[in-house]
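Colleague: Please take me through this model and say what stands behind each term you use.

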Amino acid sequence: MRLDRILAISKKNLRSLRRDRRTFAFIFMVPFMMMLVFGYTFGGEVKDINVYIVNLDGGSPQGSLSWAIIDELNSTETLNIIAIYTSEDAALDPINLTVQKVEKAEAWGALTFGKNFTNETVANFLALAHGQPFEPSNMTLHLDGTNPNVASAVTVAVNGAVQQVLKEKYNATPAVAVEKDMVYGEDTDFIDFFAPGIMGLAGLLVTFMLTIVTFVRERSSSTLERLLTTPVTEGEVVTGYAISFGILALAQSAVILVTGVLLFNIQIEGSFLVALLVIFLLGVGSMGMGLLLSSVAKNELQAVQFIPLVFIPSILLAGIFWPLEAVPELLRPISYFIPLTYAVDGARSVMIRGWGVDQIWVQVAVLTLFAIVMLILSTYMLKRRK
Amino acid sequence: MAEREGCPDADGFAVRTDKLRKEFGDIVAVNDLNLRIKKGALYGMIGPNGSGKTTTIKVLMGLQKPTAGSCSILGERVPVRKGIAMIGYMPQEMAVYYDLSIHENLELFADLYSVGKEDFAKRERELLEMVDLAERRDSSVSHLSGGMRHRVSLACTLVHDPEVLFLDEPTVGVDPELRAGFWDYFARLRRRGKTIVMTTHYMDEAVRCDVVGMMRGGRLIAEGTPDELMRRTSSKNLEDAFLAFSREGKA
């Protein structure tokens, strides 16, 4: 192994990229766009969900509990109350009317308060105080569950409003209070969770794709053959490739982090450098994987077909958008075979939990192993070509 | 190892093949070829497409494993490692980096052969003049014409001043004036004791070689100086001589 030859190969790769402006732009625009698009679409909360309310409650001399809840719901941004029907609208058959609205998808939900909602609730409190059994008063929520995010946002809003009003009016707190103490991620938004994922995904995708494209071109234009007739060894070629694409992955991560900090105010609790180390290892490994697969492929088309094959499981199973716990158990073993899983987990621990190398050593070790194995295998594949 | 040590370098052969054979499936590309090329020779390989010229060179370069037989360059058995820096190879394909400039291509190959900075600067000037591309030094290869790319490829082969040169059709697509320039340069290299092995389709070029090897069906059907070959077949030119040897071989 000679460093000057290794660096000559790295320099060649980086120089070709610099001249290829479109590819150069692609390398830096792709992660930027991903941050922008995913960051804004996933980062936002669900707002302005259309609902109807039917309030048949007569209230009590002390006031109306149902109207208080409705006022509370009105004060949040989650729901957009289209109309409120009361007992005065009995001619319209408001319960059926609003349920139909939901069925016709004109609204996501219809909330109905029964005739004696306030009185029943007050009676329940008294029964509770005297240790007597009681039937809980209820309000009915007709909900369109097509979109689980919307459905759960409505449920959370309604429950929250009820708790809030009971607490204000009757000083009623739930029997059990769960004390929440955020160990990590005190002010974590979705974008904070998401940014390390994008870093890993972009690092994987760009190094993998560029390696395939560069290497296939190297083969089809016979420059690879020519390289192999010079003193440069297969190991040096592979190492040179690894360095150039590792550097690229680093530059890219830096762009993502700067974009993240400036545009989305993401937090970086731990060391910037440790996060970059994780991405560097991933970049080297996926470069090796690209080399390996493109030397298995017989032509350019076959090589390009590997891109979705690697990309799709990585985007779905590596814990970028949702945690591994949300991956079906049957597929979870695959998650643990995807190097991106470890990179994302490692980078996330550094950025949100503020962990150092000593705490993410498992992820670092797995990624190092992945990189080394890929480098050795691709060197071997190159040697075998002869 | 014994074979490697007992090298035929003492014979003074720059290139030697012994019963070299290369098969691709049913096709025999090189058929028990016994080649001896002396040091300092300008050796021209001629023959129709598919006669095994390029395959022979690729096997010598270690790019393809021979099916049987052996070969050596400067006494070291192929695949050559120790003496690899003494060999220069110009493939038939352009095999240069299109996204790099001429200078960057040359620098890459110079770095791979560990050519010193000063040596490189000097040789780069000399080579760019020879291939008439001095003014295009910093142009991207993708902006050059086919012939120019070919010249860049030749310059890349020569940048480390090799002792033995393998040039696979070095003058294809090069205009006559520049071809003459190439030949002047080859002559200069020969005077400095370099060995040149080249394949060519141009008979007027083959005439300028010291020794011509005529190949057909993976075999050497005739070998000798151009004059010898023409005399033996009483031909006026090498083309007729080749056809005569071809007929002889078939009969």
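What follows covers a sheet, a helix pair, the domains and the chain contact.

Modeller: This is a predicted model, in which local features need pLDDT of at least 70, side-chain atom pairs count only at pLDDT 80 or more, and totals for chains, interfaces and linings use all residues. Residues are numbered from 1 along each chain as its sequence is written, with chains lettered from A and ligands numbered from 1 in the order in which they are written.

Colleague: What makes strand β3 of chain B largely enclosed?

Modeller: A residue is buried if 20 or more other C-beta atoms lie within 10 Å of its own, exposed if 12 or fewer, and partly exposed in between, with C-beta atoms placed from the backbone. Five of the five residues of β3(B), residues 42–46, are buried, so the strand is largely enclosed by the rest of the structure. L42(B), G44(B) and I46(B) cover one side, and Y43(B) and M45(B) the other. Strands here are DSSP runs of E with at least two residues, helices are runs of H or I with at least four, and both are numbered from the N terminus.

Colleague: Which strands pair with β3(B)?

Modeller: Two strands pair if DSSP finds at least two bridges between them. β3(B) has four bridges to β8(B), residues 195–199, in the parallel sense, and L42(B) stands opposite I196(B) there. Four bridges also join β3(B) to β9(B), residues 211–216, again parallel, with M45(B) opposite G213(B).

Colleague: Why are β6 and β10 of chain B called edge strands?

Modeller: The open sheet has six strands in the order β6-β7-β8-β3-β9-β10 of chain B, with mixed pairing. β6 (87–90) and β10 (219–224) of chain B each pair on one side only, and these are the edge strands. β6(B) pairs with β7(B) in the parallel sense over four bridges, and the partner of I87(B) is V164(B).

Colleague: Why is α10(A) called roughly antiparallel to α14(A)?

Modeller: Helix α10 (272–296) and helix α14 (339–353) of chain A pack at about 170 degrees, with their axes 8 Å apart. Axes are lines fitted to C-alpha atoms, for helices over the stretch in contact, and angles run from 0 to 180 degrees between N-to-C directions. Angles under 35 degrees count as roughly parallel, over 145 as roughly antiparallel, 65 to 115 as roughly perpendicular and the rest as oblique. The helices are therefore roughly antiparallel.

Colleague: How are the domains of chain A set?

Modeller: The bounds come from an automatic or database domain assignment, which gives domain 1 (3–42 + 187–385) and domain 2 (46–170) of chain A. Their centres, taken over C-alpha atoms, are separated by 51 Å.

Colleague: How many residues does each chain bring to the contact?

Modeller: Two residues are in contact if their C-beta atoms, placed from the backbone, lie within 7 Å. Chain A brings 19 residues and chain B 23 residues. α1(A) gives the most to the side of chain A, with seven residues.
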